[in-house]
Amino acid sequence: MLKEALLPIFSFLPQVKSPTYRVPFKEKLKWTGVILILYFVLTQIPLFGLSDVSVDQFAQLRAVMAGAFGSIMTLGIGPIVSASIILQLLVGGKIINLDLSQAEDKALFQGTQKLLAIIFTLFEGGVLVLTGSLQAIPGYEWIMILQIMIGGILIIFLDEVISKWGFGSGVGLFIAAGVSAQIVTGAFNPLSTAVSPGVPSGAIPKFIYLLTTSQPDFTVLIPIVSLIAVFLVVVYAESIRVEIPLSFGGVKGARGKYPLKFIYASNMPVILTSALLLNVQLFASVFQKIGFPILGTIENGQAVSGLAYYLTTPSLATVMTNPLGVLIYAVVFIGACILFAWLWVELSNIGPKDVAKQLHGMGMQIPGHRSSRTHFERILKKYIPAITVMGGAFVGLLAFGADLTGALGGGTGVLLTVGIVYKLYEEIAQEQLMDMHPMLRNFLGGN
């Protein structure tokens, strides 16, 4: 019944045409570059009618949401991720019964996600403007909502172009691009701000300036040290894996290994958790606006009480002033990362049952054990659920700790960017290899 109700709506939604051939490496690279440049251009288009006194309520989540405050890209990927959260909870909780291994159900899932993303674009844009989180010049409120909605819909389709014609996903690419820009600016910007005229705002130029004025302040370098530490830890964690020995039943002596990465659910749990926290802030603003501040009170763009306050990203100074609040935030953040890691594994067809089906279908078997799909699944159940939970908890703890230290680009943003770039590198290397050696396409799963 759900499918019959939604299909007529999907027919009115514009969509990016899928390629009818295997997209060559150079063409993928071209589309990825074009969309990335277009994204940066759109982040520089200011919102017409925005008041000069507007404060960025979501500054700490801005990098993760790949948004640019004050531009038509203010929402970033927020609506896309919010739609994904809703669908994952509905499908994971079996409220909507979809088998994402089936092409028909997968298409229904993707179409519904796009529709929900457009709805969330209108909703989030309206909430930001009408609640005053984005203060508009009187009389320009609906013009601003229209601009934000246009930007939100554009990023939905830019993401679709990347997913079908480029490398990786638009969500990941935009996060990596935004965080990288923040890192470069935060580390090397030689320009000063109105708050500290004459003093460079970039960490390295500022440290050198203070050094030359006989006022060395090594705390200026803490965000850079934290950035390097997060980078090294994530790169190391990406290399940790459990390897299950395999043999090919049809070829005597043919052996291999099936790697299960420690960060098995990738970086998606952190993205989804960050979007969830952002929506708590949004709904707190909505309830406060209608006179029922059940999620907390927002003043001058900052949560000052209630659930919204406890789910606001803390800083290192908060550890001393409100340790209980920091602990509550840590428990919720890490717990949500574990939940979304489990949901992501189940919905992405990389759970024990789906992997067992795939390996058994390829004629693989574990040496010393009889070849059966049930036996494969029993072995994989010993590893996949455990590394899913541990990996989700690890990325949650790492993101939380890095955010506390104020790493350049945001601790969560750096964590996501390293993982995204690492996977992008792997995909580009594989595509380049298949272009150089076409005979490898079948072996590596190419078309």
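Helices here are DSSP runs of H or I with at least four residues, and they are numbered from the N terminus, as strands (E, at least two residues) are. The structure is a predicted model, in which local features need pLDDT of at least 70, side-chain atom pairs count only at pLDDT 80 or more, and totals for chains, interfaces and linings use all residues. Residues are numbered from 1 along each chain as its sequence is written, and side-chain values use heavy atoms, with hydrogens and water left out.

**Salt bridges**

Side chains of opposite charge can pair when their charged atoms come close. A salt bridge is counted when a side-chain nitrogen of Lys or Arg lies within 4 Å of a carboxyl oxygen of Asp or Glu, and a search of the whole structure finds 3 of them.

| Pair | N to O distance |
|---|---|
| K114 and E160 | 2.9 Å |
| K164 and E160 | 3.0 Å |
| K381 and E377 | 3.5 Å |

K114 belongs to helix α4 (residues 103-130) and E160 to helix α5 (residues 141-165), so this pair ties together parts that are 46 residues apart in sequence. K164 and E160, by contrast, both lie in helix α5, 4 residues apart, which is about one turn of the helix.

How a residue is covered is described by its relative accessible area, where buried means under 20%, exposed over 50%, and partly exposed in between (1.4 Å probe, protein chains only). K114 is buried at 13%, and E160 is buried at 11%, whereas K164 is partly exposed at 23%. K381 counts as partly exposed, with 49% relative accessibility.

**A nonpolar patch**

Y309, Y310, L324, L327, I328, V331 and V332 make a nonpolar surface patch of about 590 Å². Patches are made of residues with over 30% relative accessible area and no salt bridge, with nonpolar side chains (Val, Leu, Ile, Met, Phe, Trp, Tyr) joined within 5 Å and like charges within 9 Å. The elements giving two or more residues to the patch are α10 (306-310) and α12 (323-347), and α12 gives the most, with 5 residues.

**Two packed helices**

Helix α13 (residues 352-361) and helix α14 (residues 373-380) pack at an angle of about 135°, with their axes 8 Å apart. Axes are lines fitted to C-alpha atoms, for helices over the stretch in contact, and angles run from 0 to 180 degrees between N-to-C directions. The angle makes α13 oblique to α14, since angles under 35 degrees count as roughly parallel, over 145 as roughly antiparallel, 65 to 115 as roughly perpendicular and the rest as oblique.

Technical notes: Accessible areas come from the Shrake-Rupley method with a 1.4 Å probe; for residues, only the protein chains shown count as cover.
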